[in-house]
Structure formats: C-alpha cells, structure tokens
Amino acid sequence: MLTEAVKVPLVDLASPVWFDGTLLPSGEATLHVLTHSLHNGGAVFEGIRAYDGRLFLGKEHFRRLQRSAELLGYTLPWLVDDLQAAAEAVLWAGGLKDAYVRPIAWRGSESVTVSAQGCRIHTAIAAWDWPVETALGDGTSELRLVLSDWRRPAPDTAPTASKCSGLYMTGTLSRAAAARSGHDDALMLDMAGHVAETTVTNIVLVRDGRLLSPLPTCFLDSLTKRHVFDLARGLGLSVHEGTVSLDDLDAADEVFVTGTSVELRPVVSLDRPGKHSTWPVGRITKALREAFRASTRAHA
C-alpha cells in the first residue's frame, strides 16, 4: 500500500463549525460515505471574507448560494439572514477577525441515484485564518499565468451560473498543471476560444484608462468584480463587459484578477504555446487595489 505524509487538517478538529443549525467542533461534523453530492458533485458553496470580524458582502454571497442551489434543483432550508447570523456565530466562537468563511450546502445520503430523489439538504459553515497573501501563488502580489488545456463549458452543457462543486474539477486540473510548470494560476478560455477567467478569479484588462472584462456567460459572475467596478466608476473610470480575445489581452496596458480569495492582484505574464506576454503593475491596478483594501475596512 502506498503511504503519504500526514497532512494537517485545514481547520482544527476542535474549531467551531455551524452544521445544520448547530455550532459544534468540526471533528463532530461528519458525513456519510454515500453522501449524494460527494458522488455526483452537486454541492454549492461560497467564499466570503471577514474583516475585523464582519462579513464583507455577506448577504450578497448568501443570496448567490441560494441561487446556486436553485440552479441545481434544490432549495436551501435556511434564509439569508439565518445564514448570515450563523456565519457571524462561527467567527465569534472561533475568535476570528480577518478570516475566510466557507458556507456549503449538499444533498445527503438517502440516495445515490442520479435523480437524487428524497435526499435531505444539509448546510454547514466553517471559517479559518487565511491571509490574502497566501491564497494564490507563492505569497507574492504578482501573478504569472499559463494557458490551460481545459476550457470552461458552454452554458447549455452545465449550470455555469452556479458556484457548484462539480464545475471546479477543470480548475483543479488546470491549477495543478500550472503549479507543475512554475506558474501561479491558469487562464481558461471559453468554448469558442475567447478569454473566460482563471481557475478561481475573474480577469480584467485595462487599456487607455478603460476596464474590460469577459461577460460571465460560462463562468461565475464575480461579486468582488462587481464591487471593483463600482470602485472604478467612483474613480472616474469606464467599465465594459464583452468578448475578450487573446489579442485583446496582449494589447492591454495592465491586467489584474479579482475574487474573494485574492481580493485584487496584478497579472504580469501569460505563457502559451509560442508566446510570452507581459504587463506592468500599472497605476490603475494600484489605485484600485488601494481603494479595494480601504473599502473592506469601511464595510467592516
């Protein structure tokens, strides 16, 4: 039998989690091996940042969690306000101030058939200390991307507007390949060969003082990007969503990614067959990053 080095759990077994309405040590939050979503990829989840002990865009994330579940054919047994209060309780019980919060919902073990008839819907929330600086890449601010061999699925082939666990496998494969080649993350194209996103973040181009980002037609619409766009408008910048080609990316003055886990980070290079593209960490990226970090404390 092959053996592996012992890994430390992400959350200590004594750390508090909220599980189907009860706060309990994470070691007691157990799942059956026949849990439907484990076999069929039907869990939905969110990632939420907390700053100074307060959730950032918390209600927006929980509303999206509800919508993700609906797109997968089930309804969460909790209201947005209930989930918000539960997440705050986990932060309080764990003594966490600046943290990452992970709500998740899934179908239970009453059936493993594809139809999932009769499965109970479970919900849990965990939180842990996860600094932004370590959320992606090697801890540095600048990201080096490589073009992924995998593409995002067409919206008529998967529920691409949901934050569904099953949709993240191509991201896992792409990120692992990027790490093996010495990159921080992978750029993924859509079914037509246009720029989509990275494995976990939305991508934004800056050209001539204008922001451009791909339309979220086949990937998750980023709440963080919406917030960044509002900040950009407040700085007098115009924003636009539309089709983005690799040529558009090459012509950009600056490129950055945005998402809950990484906030806002500059992209400095992209490697793809026969081409190496680079961008500076520009003035607009720096200004938006400063505005974003200030806004997280203002909202806290």
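**Reading a helix and its pockets**

Tutor: Let's start just after helix 3, where glycine 95 takes a positive phi of about 65°. Helices here are DSSP runs of H or I with at least four residues, and strands are runs of E with at least two, both numbered from the N terminus. This is a predicted model, in which local features need pLDDT of at least 70, side-chain atom pairs count only at pLDDT 80 or more, and totals for chains, interfaces and linings use all residues. Residues are numbered from 1 along each chain as its sequence is written, and side-chain values use heavy atoms, with hydrogens and water left out.

Student: Which residues of helix 3 are buried?

Tutor: Buried means under 20% relative accessible area, with a 1.4 Å probe and protein chains only. In helix 3 the buried residues are Val80, Leu83, Gln84, Ala86, Ala87, Val90 and Leu91.

Student: Where do those buried residues fall, seen down the axis of helix 3?

Tutor: An α-helix has 3.6 residues a turn, so residues three or four places apart point the same way. The buried residues of helix 3 fall within an arc of 160°, so they line one face; the arc is that of the directions from the helix axis to the C-beta atoms.

Student: How much space lies in the largest pocket?

Tutor: On a 1 Å grid over the protein atoms alone, a pocket is an open set of points where a 1.4 Å probe fits, with protein on both sides within 12 Å along at least five of seven lines; lining residues have an atom within 4 Å of a point. The largest pocket holds about 630 Å³, a volume being the space filled by probe spheres set on the points, which are joined across faces, edges and corners. Its lining has 34 residues, and the closest to its centre are Lys163, Tyr168, Thr199, Val200 and Thr201. Helix 4 (169-180) gives the most to this lining, three residues.

Student: Where does the largest pocket lie?

Tutor: Domain 1 (10-129) and domain 2 (143-299) both give residues to its lining, so the largest pocket lies between them. The domain bounds come from an automatic or database domain assignment.

Notes
Buried < 20%, exposed > 50% of the residue type's maximum accessible area, 1.4 Å probe, protein only.
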